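Here is a walk through one protein model. Keep the structure open as you read.

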Amino acid sequence: MWNTKFLVFVTVTTVFISSSVYCKEQFGQQVAGDREFSLSEDAKKLRDAIVGLGTDENTIPMMRDIGHVNSTLVKENVKYIPTKRDDCDAAKNNYVKLMLMMAKDSFEQIRFTVFEYESQHNTSVAEAIKANCDEPIAKAFNTIVSYAKNPAGYYAEIIRKSTVGLGTSDDTLIRTIVSRQEIDLAEIKQAYKQMYHTTLTSSIASETSGYYKKTLLALIGPE
């Protein structure tokens with residue numbers, strides 16, 4: 001069974017997201033940092049395009065520049081959102097352009113491209129990608145789109161999924177809250193309340209216990 005993990009790398013200057021696919025049965029653990037694990041060719045291309053320059057402070061800003069939106073490029077990139085299966089053919093120029101946009105453009109640039117596309121069409125970018133691209137690349141693209149559109153909502157959804165259903169995904173819950181605690185946890189709490197009509201504090205309190213519960217609630221802080 002294949003699983004998909006999406007890593008968010010945070011530095012003092014920028015943030016970027018990459019996708020990595022790993023086989024739990026083969027490796028017995030997450031191998032997101034291992035360049036040798038088996039991926040589909042498309043997922044390899046996306047991952048290599050994102051992490052190819054490395055992850056140090058000097059190279060990441062070139063990959064995910066924050067705060068700059070090129071309106072001309074937005075209009076150009078809208079053309080590369082797939083509207084038919086042929087648009088996700090790896091041999092076609094449209095697919096190459098889509099791959100480059102997802103791998104290299106800033107999240108702000110992708111966000112405005114998504115909004116522009118959705119203002120022109122009766123479908124979302126996520127729906128268009130899911131309908132016209134194969135897995136796992138469709139899931140990778142849509143994770144990038146989801147984060148670009150609404151970073152706080154993206155993390156709110158991750159937290160929600162880690163606390164509902166059969167058991168709590170402790171690793172995901174801890175990693176998300178700790179990694180965002182000094183960055184945008186306040187925005188995540190607001191998004192969580194808007195999306196699920198309850199507070200993050202209430203959800204954590206009902207799904208955890210003991211010192212674990214106290215620690216998470218202390219990190220989250222008052223609503």
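Buried means under 20% relative accessible area, exposed over 50%, and partly exposed in between, with a 1.4 Å probe and protein chains only. The model is predicted: local features need pLDDT of at least 70, side-chain atom pairs count only at pLDDT 80 or more, and totals for chains, interfaces and linings use all residues. Residues are numbered from 1 along each chain as its sequence is written, and side-chain values use heavy atoms, leaving out hydrogens and water.

Start with confidence. pLDDT is the predictor's confidence in each residue, from 0 to 100. Its mean over the protein chain is 75, and 68% of the residues reach 70 or more. Residues 1-39 stay under 50. The pLDDT is also below 50 over residues 52-65.

Now the overall layout. The protein chain has 13 helices and 2 strands. These are DSSP runs numbered from the N terminus: helices are H or I with at least four residues, strands are E with at least two. Of the 223 residues, 42% are buried. Contact means heavy atoms within 4.5 Å. Among contacts between residues at least 6 apart in sequence, 61% join residues at least 24 apart.

Next, the salt bridges. Each is a side-chain nitrogen of Lys or Arg within 4 Å of a carboxyl oxygen of Asp or Glu. The whole structure has 7. One of them joins glutamate 118 to lysine 149, with the closest N and O atoms 3.3 Å apart. Glutamate 118 lies in helix H6 and lysine 149 in helix H8 (residues 137-149), so the pair ties together parts 31 residues apart in sequence. Glutamate 118 is partly exposed at 23%. Lysine 149 is partly exposed at 32%.

Another bridge pairs lysine 161 with glutamate 157, at 3.2 Å between the closest N and O atoms. The two are 4 residues apart in helix H9 (residues 151-163), about one helical turn. Lysine 161 is exposed at 59% relative accessibility, while glutamate 157 is partly exposed at 29%.

Arginine 111 is buried yet has no salt bridge; the nearest side chain of opposite charge, glutamate 108, is 4.6 Å away. Here Lys and Arg count as positive, Asp and Glu as negative; His and the chain ends are not counted. Not counting residues up to four places away in sequence, arginine 111 touches Ala148, Lys149 and Pro151.
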